Amino acid sequence: MPCPNGKAWCPGPGGFGNKCQPCQQTPASGGLHPPLATGGKTVPLPPPPSPRGVTPPPIVKGVPPPLSMPALKVKTVIPLPDPVLPLPNAAPGVGRSVVLYRGDSREPGEIKRVGFERWGESIANVSKIGGIGNYIGEKCKELKNGATFADFVRVSKNQARPTISTSLNKGCGGYDSGPIYKIEVSGLQEFELNEKIMPPAFAGISWRSDGLKAYIDGPNLAQSRTIIIDLRLATEEWAFFTNVHPSRITEYKLVKGDFKSMSTVEVKVKKLW
């Protein structure tokens, strides 16, 4: 097609090379209809046809088209387990209550912060065997009777054994190396230390309790967070097989003096360096 303006050097709207301005604005070049074909007026090209079955949204003057939002990725939320908190004392009159005493050279401010805890080595031994219920069951199976079990527990300063020694006697057998602390625990149930409260794997073991009693706050050893065993010794020694939380330690007595409430003691802050 020749140039509509008769420019000899212009190859026309369909040609290649250097076109004149009207030919550069033809539909073939993606611009406007040439002024000569529209009476000298500039006419915009019609919008491209919509795909079949899709109706384009109406164009409203002065309103910008909606922006496309990026797809949001939803994070998977994994619920955290509830923290293990100390069980509160049961209401008065519910279950059995025991009052025990322990001599400890640490000052009251530290005891109020940490309570009485088992040695780390003993906790590792309990974990390896699958819990405190299994640990006690294995010892009963190994030691055969309550008298031997009591001898095993009362051996002093055995860091591999998960026990905390206490006494029914507030003098703790004449202990005078440091303060004596009073421990009060309620909401316990009394059981004979036998297979009924041990894990099922220990049913039928060769074991004689010799009168040993377990005071626990659950239906069996595995489901209890407080386990105390009366060793039936002349020294009136009882042993915790679980930690003693500071809230259970209610009074203290220095070497010289009377028992005083732990509520008046300030917690000793642990130094980090």
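In the predicted model, Ser 209 lies in the loop that connects strand 3 (180-192) with strand 4. Ser 209 counts as buried because its relative accessibility is 6%, against a cut-off of under 20%. Its side chain forms a polar contact of 2.5 Å with the side chain of Glu 192. Setting aside residues up to four places away in sequence, Ser 209 touches Gly 146, Glu 192 and Leu 193.

Leu 193, one of the residues touched by Ser 209, also belongs to the largest nonpolar core, which has 26 residues. Leu 193 is listed with Ile 136, Phe 149, Ile 229 and Phe 241 as having the most contacts inside this core. At least two residues of the core come from each of helix 4 (132-143), helix 5 (146-154), strand 4 (213-216) and strand 5 (227-230). Helix 4 supplies the largest share, five residues. For Ile 136, the contacts comprise Phe 149, Leu 193, Leu 221, Ile 227, Ile 229 and Phe 241, when residues up to four places away in sequence are not counted.

The largest pocket has a volume of about 950 Å³. Its lining consists of 28 residues, and those nearest the pocket centre are Arg 102, Gly 103, Asp 104, Lys 157 and Ser 165. Strand 1 (96-103), helix 5 and strand 2 (164-167) each contribute at least two lining residues. The largest share, four residues, is supplied by strand 2. Divided by class, the lining comprises nine nonpolar, 10 polar and nine charged residues.

Of the 273 residues in the protein chain, 34% are buried; Ser 209 is counted as buried. Among contacts between residues at least 6 apart in sequence, 62% join residues at least 24 apart.

Terms used: Residues numbered from 1 in each chain as written. Predicted model: local features only at pLDDT ≥ 70, side-chain atom pairs only at ≥ 80, totals over all residues. Heavy atoms only, no water. Core = buried A, V, L, I, M, F, W, Y, C linked by side-chain atoms within 4.5 Å. Buried < 20%, exposed > 50% of the residue type's maximum accessible area, 1.4 Å probe, protein only. Contact = heavy atoms within 4.5 Å. 1 Å grid on protein atoms, 1.4 Å probe; cavity = no way out; pocket = protein on both sides within 12 Å on 5 of 7 lines; lining within 4 Å. Points joined across faces, edges and corners; volume = space filled by probe spheres on them. Nonpolar A, V, L, I, M, F, W, Y, C, P; charged D, E, K, R; others polar. Polar contact = N/O pair within 3.5 Å; in protein donor to acceptor, adjacent residues only side chain to side chain.
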